[in-house]
Structures are given as C-alpha cells and as structure tokens.
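Dear colleague,

I am passing on the structure we spoke about, together with some notes on what turned up in it. Please look it over alongside the text below.

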Amino acid sequence: MKKILLFVMVMVFALSLVSPAVSAEIVEIEYGGKIISVDMADIILTSGADGDIQTELNDPAKYSKQLAEAPVYGAGSEVVALKDDEWVGASESLNNQPQASNTQEITARQYEDEKRARQWTNIVEDLTVRDIDSKALELVKEFSEAKGAVPPSSGAAGSVVIVYSSYTPKIVCRPMYVTDVILQPGEKITGVHPGDAVRRTFVPGRSGSNDNEQLHVLIKPLMADISTNLVINTDRRTYQLDLMAQAAKFMPSVSFSYPADTLKAWDTFIADRQKNNEGNLTIASGYSVKPEDLHLDYEVRGKDSLRWKPIRVWDDGVKTYIRFSKGSVRKSVEAPVLVVFEHKKEVLVNYRAAEDMYIVDRVFDKGALIAGTGSLQDRVVITRLRGK
C-alpha cells in the first residue's frame, strides 16, 4: 500500500511541475512513525541507496504541531495490536512482546483507517417511536389489512379489477410467468419504483392508440416466496402495490376501477346540462292543457330545510310540472338536477326551467332532484302515485 501511495504522490508531484496552475493538494504521509496531513508542495521525494523512494519534508517545522500531537506507532516497528476488538495502544512495539492468540497485527496506516471507521459505530441513532408515530403505524396496518375494503371483481379477459385507493392490494405473481398491471386509458407513467429490482423484472408495455392507449407494467419474479412493494407514479395518481411471489398461483392481469372519476364525470355532465338549460325559460306557445287530464297525486320526500324542495308536482299525461317556491332555485347556491329511475338506474331527462318551475318532456313514475356530490349530496325523491 505504501508503494502505491508513493507512486500516486510522485505522479501528482510531476504534474505539479508540468502545470504550475494546479492547486495545492493535501495528502496524508507517514513521517517519523506518524501519519500527518501535509501540502503536496512541501514534500521532497528522494531515492535511497536500495532504490526505494523516500519521503522528506521541505520544512518540518511547519508541521511541528501535527508531529507533536500525532500518535507514535512504534520505535522501529510498523505494527500495532488489536486485541479482543479493543485497541491495546498505538505506541506499542510488538517486536519483543509475546502476542495472544486473539491479537491481530495491523500497519500504522490500517490503524488510522480503522480508527476513522470506528467513529461511525459510536453514533447513536434516534430509533424511538413516539405515541403519535405508533398511531400512524396502526393506520398503515389497518389500510394494508383492507378492513372494510371493496372486494375485487372480474374484468375483461379474466383480469382482476381492484377499486383504486380503497386498500393496498397484494399482487400475486409467479416465477417464469408475467403479471400484467394495466393502467387507465390515457394515463401516462412518470415513474416506477420497486422495492426489489434484483429478484424481479419490470418491463413497460402499451396497448391501444391515441386517447384509448393504455400503459402496462409487466412483472415477472425470478423466484418464489419473496415479497416487496411497488410504487407507480402517473400524471393522474400514485399506485401503492404489494407484490408477492408464489410457486403455483398468480394473477395474470390486474386493472383498476376509479369511482372518484365516475363522480367527476357526472359533475361535468350535470354542469353542462344546467348551462344548456339556462336561457330556455319559456313554455312552448300553442300548447294547451285540459283540466281532466291533470294528475295531481305525487309524493315528495326530502329534507324540509332544502330551499329548492318542490311545493307541488303534477302532470297532464304528456309533460310533468315541478313547482318551487318563488325565487328558491335562483337563490340556491346550486340548482338541483332532475333524474328519473329506469330499470334501477338513474337517467337524466330533458327538462326546461321556466321561472320557478321545471317542465319535463315526459311522465315518470319515480325521479329525484339532486344537488351536490358525495357526502354533501342532497336529494328530493318524487313519486307518482296511482290515484288522482
């Protein structure tokens, strides 16, 4: 090691002669049985009678303080003792001392390197988990155990469809088989971060084109009975997945459903409908209603605190009329949207707003006025009864 160090020092010294612009460099040398840090420019390299390169200092007095403080590694000896994983002492000479069987001899330079390395073992890390941290870990455990989560369903071509963000799913893979994780159409991957990229391969794939293009993450483990996690970042969301490998069972294909996106699509659709109905505030002229055709028996159920709860509903066999209290719809933060129930589904229908009335271009048995979404949603159910 000493010869290698001296060779490096010679090369640096030679470069400094060729290019004086090179800045000074601090190196460590062994001088007088001590290891000190010196400026490369203060080193004089000479060749001894036996051909070995010797190191001298141009001005030893410049480093007198270091030489005084640095430990001596032995008189005429280049070894120190390390016994039972504890330092015996840096100034001991082992030439004339009996050595125990568990004592190692190391060079002075090795001793210095070991001493620096051992400084890291003396650092005490703060590994205390506080009460608030324990509660956070409990939440993570509850989410990972999928308590009360929506169970997966079967999708196209036998894929397993998982409700996004309801729990952290476990994707079961198999050695020498590929599991295909399919993302939402139009979604772009910005990062794939596996916990273990050595014993698994992760290959990108794609299907479809243009707006219907779907990106895939193809996973293949190299052995069974291993587990890790996978984080997939996209331009829309982040997927948190647990991966496990079994010898015989696996999921060939995994995709996701997105309830939040479905609600957002309804919000957009309803807002567009409301915008289209604005300005159409008059009943078509020439349309006449006969009293004997009127059906007045309707049930209206909903919270009385709602400003826009209808005060009267009737139909004439062709159209349905929903009357609100004066100015209630206009003064509401959000005007309600009308849907009707057909085959257990909510269907939007054509209607017009005329002052304080909704005029629906059909007769329905059951419908609802809806405002808001999610837990903040309000609705009033309208039911057409059989009598008049």
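Predicted model: local features only at pLDDT ≥ 70, side-chain atom pairs only at ≥ 80, totals over all residues.

Strand 13 runs antiparallel to strand 14, and the two are joined by 8 bridges; T201, for example, has K220 in strand 14 as its bridge partner.

Strand 14, which covers residues 214–221, also holds L215, and this residue counts as buried because its relative accessibility is 12%, where the cut-off for buried is under 20%. Setting aside residues up to four places away in sequence, L215 touches V181, I182, L183, E187, K188, I189, G205 and R206. Of these contacts, K188 is 27 residues from L215 in sequence, while the C-alpha to C-alpha distance between them is 7.0 Å.

The other residue is T228, which belongs to strand 15 (residues 226–234) and is likewise buried, with a relative accessible area of 15%. A polar atom of the T228 side chain lies 3.2 Å from the backbone nitrogen of D196. Beyond its neighbours within four places in sequence, T228 is in contact with G195, D196, R200, D242 and L243.

Technical notes. Residues numbered from 1 in each chain as written. Heavy atoms only, no water. Helix = DSSP H or I, 4+ residues; strand = E, 2+ residues; numbered from the N terminus. Buried < 20%, exposed > 50% of the residue type's maximum accessible area, 1.4 Å probe, protein only. Contact = heavy atoms within 4.5 Å. Pairing = 2+ DSSP bridges. Polar contact = N/O pair within 3.5 Å; in protein donor to acceptor, adjacent residues only side chain to side chain.
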